[in-house]
Amino acid sequence: MGGKQDQDEEAYGKPAKYDPSFRGPIRNRSCTDIICCVLFFVFILGYIAVGILAWVYGDPKQVLYPRNSTGAYCGIGENKEKPYLLYFNIFSCVLNTNIIAIAQNGLTCPTPQVCVSSCPKAPWTVESRQFSQTVEQVFYAADRKFCLPGVPGNMQVLQSLQQELCPSFLLPSTPALGRCFPWTNSTVPELPGISNTSISQSISGLLDSLSARDISVKIFEDFAQSWYWILVALGVALVLSLLFILLLRLVAGPLVFVLIIGVLSVLAYGIYHCWEEYRLLRDKGASISQLGFTTNLSAYRNVQETWLAALIILAVLEGVLLLMLIFLRQRICIAIALLKEASRAVGYMMSTMFYPLVTFALLLVCIAYWAIIALFLATSGQPQYVFWAPNSGLPGCEKVPMNTSCDPMEQVNSSCPGLMCVFQGYQSTGLAQRSLFNLQIYAVLGLFWTINWVLALGQCVLAGAFASFYWAFHKPRDIPAFPLGSAFLRTLRYHTGSLAFGALILTLVQIARVILEYIDHKLRGAQNPLTRCILCCFKCCLWCLEKFIKFLNRNAYIMIAIYGKNFCVSAKNAFMLLMRNIVRVVVLDKVTDLLLFFGKLLVVGGVGVLSFFFFTGRIPRLGENFENPQLNYYWLPIMVCILGAYLIASGFFSVFGMCVDTLFLCFLEDLERNDGSADRPYYMSKSLLKILGKKNKGTPGDKKRKK
């Protein structure tokens, strides 16, 4: 048995040897993975160049502001007082194309469009007796300023309608996305091919999704009245998260055993319930032989074999958990002791709990920069206008060059009825436009790489801080003065390349997953069952690979923070160390997951329940200063509080999880390096020494320890 154990240890590398000069995170270190560091900086320079190209050629006003028929923007410049766009005949959008195509083309329609200061409030139609009157009498004098710019007031109304310079009808409209959309219950004028039914079926979905001004106003009012209480709820979540972590040093043991007993109790109740159902159906004689095969899965609830199978499965799980609890009790105690030690470490270095704010700020910068680049790239190019007519086969349209470029600022003089110069799209010529797809791919790669690098930076910095806690023999006297700041500067100075290397590997896997998801989405309608099975297997494999790389990177960054070696060596040493202690790894991982899940449930559930009772007015006698605000949608601040509490708890518990992982690796290294003698004392806490049955000999604390 001893020889087999030695062979297994040899397969996963030799245990770490004693090094008398090692006293925690090494200070005298050199830069690692320099090639990858240079590659990362070159890539960042290219990322900045892409941003400059997007800034030069892009124009986000094309998305933020609508254009009228002349190409001028509404809401800025000469149209600053006219922020809304009015379609003369919005139904032509429905008659000539589909709603999806309209949305993809920027909500452009083959009808004249004009910038207006406000949308029409009442229905109106030009009467036949008004054809001989002037535009001044019918439109301007009646405060209907909906004609195209420059239409003279002495022009006859009939002539203005024939040239489509003024609208022939108006509908009560609501502004949405800077455009006037008619109400769904408005009276539709008598036009060919248009009826109330067809319009309701064609654009009701678009109007329902875009006419959200009233809802947005109510939401804004709710936030204005409840923002203070939302901040109070988030403060409660912060305090609960911090208290939960700090109190783990006192209640970690009882809490873990209570959770384990709770899981065993749930399984025991499941066994009892399955037995009662099985006994009842057995007495009735309900068997699967009577039911036969059916696609109605709920029918299997009424046969005894279903409950018997569930009973067996739950009994096996109960037995396995009981056996694990009996034979792995020492390792569970070690995991509990490490959780208590992690709580102590966080208590000594409270600044680490707020480091997620730095990570969040850096992630916000990365995402915002990519979003700006994507917006500018999507709007690169100048708008193109072409001639268009509703019916090119009418007399007078034969000689008109349809779909050829035109100038929307020039008057269209032609005998072709309805001929207009309409917006077609954005030109695809130019440096940025020809390489638009490649630039977008580069930007997406930059987004993934920078995000993963920022996350890697946070993990390595926290690992360096918590490692300095573990390797301080006399705590807290030997802990460095500024462990978090020192770890941050040390990581940036020496290990930017290593972090970029690990982030690049993870990025390539994530990009592969995105490409596979895109292929699956495109082939979803045409694929056969075999193709679906193959794609599902590939997606599952890539998901598992991503999880493994995240796990390996996380432990590699811990080793980098401690020893200052390159990424590959650190990843190998971390993997070998964990494989030599695989049972301890599994036990600690599951105990930590169980405890942190309960912590998140406690924080999020507590804040959610408290918010529900407060905002719904179910907490009586709070006093005038603590009355719940009157809200339109009481669920809105509740959901914001729950989401905010989850993000706060996740941020705090991610730091705690990194602390546990770091201390665990240090604990394993401590066991392999030291033996408890006066020259090689253990650095672990007294509770861990007691659990392992070990102790330090002599008085090593009296020796002078040089860092």
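1. Let's start with the disulfide between Cys-119 and Cys-180 in this predicted model. The torsion about its S-S bond is about -80°, so this disulfide is left-handed. The pair links distant parts of the chain: Cys-119 sits in the loop between β2 and β3 (124-125), while Cys-180 belongs to strand β6 (residues 179-182), 61 residues apart. Their sulfur atoms are 2.0 Å from each other, and both cysteines are buried.

2. How many disulfides are there by the distance rule? The count comes to three. As a reminder, a disulfide is a covalent bond between the sulfur atoms of two cysteines.

3. Cys-74 and Cys-115 make another of these bonds, with sulfur atoms 1.9 Å apart. Here too the disulfide is left-handed, because the S-S torsion is about -80°. Cys-74 lies in the loop between α3 (61-64) and β1 (84-87) and Cys-115 in strand β2 (residues 113-116), so the bond ties together parts 41 residues apart in sequence. Cys-74 is buried at 1% relative accessibility, and Cys-115 is buried at 3%.

4. Now look at Cys-147 and Cys-166, whose sulfur atoms are 2.0 Å apart in a disulfide. Is this one left-handed or right-handed? The torsion is about 115°, so the disulfide is right-handed. Cys-147 is in the loop between α6 (135-140) and α7 (157-162), and Cys-166 is in the loop between α7 and β4 (169-170), so parts 19 residues apart are tied together. Cys-147 has 9% relative accessibility and counts as buried; Cys-166, at 3%, is buried as well.

5. Cys-537 is in no disulfide, and the nearest cysteine sulfur, in Cys-533, is 4.3 Å away. Cys-537 is partly exposed, at 41% relative accessibility. Cys-666 is buried, with a relative accessible area of 0%.

6. Finally, find Ser-685 in the loop between α22 (635-673) and α23 (686-692). Ser-685 counts as buried because its relative accessible area is 10%, under the 20% cut-off. Its side chain makes a polar contact with the side chain of Glu-341 (3.5 Å). Leaving aside neighbours within four places in sequence, Ser-685 is in contact with Glu-341 and Arg-344.

How values were computed
Residues numbered from 1 in each chain as written. Predicted model: local features only at pLDDT ≥ 70, side-chain atom pairs only at ≥ 80, totals over all residues. Heavy atoms only, no water. Helix = DSSP H or I, 4+ residues; strand = E, 2+ residues; numbered from the N terminus. Buried < 20%, exposed > 50% of the residue type's maximum accessible area, 1.4 Å probe, protein only. Polar contact = N/O pair within 3.5 Å; in protein donor to acceptor, adjacent residues only side chain to side chain. Contact = heavy atoms within 4.5 Å. Disulfide = S-S within 2.5 Å.
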